[in-house]
Amino acid sequence: MSDREEFPLISGYLSVDLVNTEIVRRGVRHDLLESEADLMYWIETMQERGALFTQQFGCDVNRLSSVALDSVRDLRVFLRKGFERIADGGQVAEEWQFHLEQRIAKAPFSYKMILEKLIPIPIGHPADALVSLIAFDALRLLSTGDLLTLHHCGNPDCVLLFMDASGRRKWCSMKICGNRVKVARHQTRRSGGK
């Protein structure tokens, strides 16, 4: 991600936003977490959004990305399979839940008040800490039932997922896909096609 493309942060949830670090551009799937620098940028972005805090890691965050990239990318693949199954109306497999619980067990939590919020602080290796926080977010979404509001983008070429309890939303975002579809329809109408 050499030109520092912005991440499509459309869900507001750590685990879903991680899955959405894979995008399709011009029909080709792209990984926005190709390097340690990309992961560092994602971590910084999540910190700016208040989804992660420096205090949650037992090391300098710059060091974290060098040991965590493979683990985070493996977790992303695992989460995508489960999330897509849920978005397709399927049930969560017990193995999926168990695997996430095991990832948390590698860096279980204590808690600390940060900015007047009770924040989980993983205890363990920093790479395990990051993975634990992401797994915890996914399990929290499962426990609250919020994962049942997970949807695929209405653009068949898009791989992004989003949360929508109303059931009315079609696109990952109007900016990313909704506007493209509207422009394409408008151009088709102007050219006389249907």
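**From fold to core**

This is a predicted model, and of the 194 residues in its protein chain, 45% count as buried. The accessible surface comes to about 10700 Å², with 49% of that area belonging to carbon and sulfur atoms.

The secondary structure consists of six helices and six strands, which follow one another from the N terminus in the order α-β-β-α-α-α-β-β-α-β-β-α. Among the contacts in the chain with a separation of 6 or more, 59% are between residues 24 or more positions apart.

Phe 109 has Pro 122 in S4 as its bridge partner, while two residues lie between the strands and Leu 115 takes a positive phi near 50 degrees.

Turning to the interior, in soluble globular proteins nonpolar side chains tend to be buried together. Here the largest nonpolar core holds 51 residues, of which Trp 42, Leu 79, Phe 83, Leu 130 and Leu 150 touch the most other members. At least two residues of this core are supplied by each of helix H1 (14-19), helix H2 (36-48), helix H3 (61-87), helix H4 (94-105), helix H5 (126-144) and strand S6 (161-163), and the largest share, 10 residues, comes from H5.

Which residues does Leu 79 touch, not counting those up to four places away in sequence? Leu 79 touches Ser 15, Leu 18 and Val 19, then Trp 96 and Leu 100, and also Ile 134 and Ala 138.

Key:
Residues numbered from 1 in each chain as written. Predicted model: local features only at pLDDT ≥ 70, side-chain atom pairs only at ≥ 80, totals over all residues. Heavy atoms only, no water. Helix = DSSP H or I, 4+ residues; strand = E, 2+ residues; numbered from the N terminus. Buried < 20%, exposed > 50% of the residue type's maximum accessible area, 1.4 Å probe, protein only. Contact = heavy atoms within 4.5 Å. Areas by Shrake-Rupley, 256 points an atom, 1.4 Å probe, with all protein chains shown as cover. Pairing = 2+ DSSP bridges. Core = buried A, V, L, I, M, F, W, Y, C linked by side-chain atoms within 4.5 Å.
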